[in-house]
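User: Please take me through this structure. I shall ask about its parts as we go.

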Amino acid sequence: MIGETATFECELGNDYFEAVEATEVNGGTLHASVAVRKVQEAYELNFKVLGDVIVSCDICLGDMTLPVDTTGRVIVRLGDSYVEDEDSVTIPEDDGTLDAAWLVYEMAVLTLPTRHVHEEGGCDPAMLGKLAELSVGPGESPEAIDPRWSELERIKSTFKE
C-alpha cells in the first residue's frame, strides 16, 4: 500500500566485496539498511550504510581502514527496460526485481576521500625505502638513475632542432 514502509537490514563482509567485484575496496564490514516505501507509481528506497572498508594506501600500497557513514535515496520505477539515472532507476516491469548490491557499494565508495593515505608514520617502511631508492629527487636528473635516459634526451633534443 502507498505510504507503508518496509525495512531490510544486512551485514556485509569480504564475500560481499568479492561478489560485487569491488575494484576500489579490498574488504571490510558494512551494515546496510534499506527502507522501502511505495509512493504513487514508484518506490522510494532510503539507504543507510555504516561501517569500515579496507583500501590500498596510494603511497605504500598497504591496507588501510576508512570509515563509511552515508545515506542515500533512490526512486525505483517499473518500465520497459533498465535505465539508471543520477537518483532514480527504472527496472523492466516483467522482471520486477532490483539488485541493490551495487547501489550500496556505490554509496559507500562515493563517501571515501579521493586520496587514500596512511596517517603520518603509518606507511610500510620497507615500501617507503624502496620508493626513495627508485625516486628522482628535486634537482636530480633521471640519468643518475638509469643511463638509458641520456639516449632519450639526445633523441628529444634532435627533434627540437
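User: Which strands does helix α2 lie across?
Analyst: Helix α2, residues 101–110, lies across β1, β2, β3, β4 and β5. Its angle to β4 is about 135°, with axes fitted to C-alpha atoms, for helices over the stretch in contact (heavy atoms within 4.5 Å), and angles from 0 to 180 degrees between N-to-C directions. Helices (H or I, at least four residues) and strands (E, at least two) are DSSP runs, numbered from the N terminus.

User: And what is the basis of the model?
Analyst: The model is predicted, with pLDDT of at least 70 required for local features and 80 or more for side-chain atom pairs, while totals for chains, interfaces and linings use all residues. Numbering starts from 1 along each chain as its sequence is written, and side-chain values use heavy atoms, without hydrogens and water.

User: What is the strand order in the sheet?
Analyst: The six strands form an open sheet in the order β1-β2-β3-β4-β6-β5, and the pairing is mixed; a pair needs at least two DSSP bridges. The edges are β1 (5–12) and β5 (83–84), each with a single partner strand, so one side of each lacks a neighbour in the sheet.

User: How does β5 pair with β6?
Analyst: The two strands are antiparallel, over two bridges, with β6 spanning residues 88–92. E84 has V89 in β6 as its bridge partner.

User: Is Q40 buried or exposed?
Analyst: Q40 counts as exposed because its relative accessibility is 64% (buried is under 20%, exposed over 50%, partly exposed in between; 1.4 Å probe, protein chains only).
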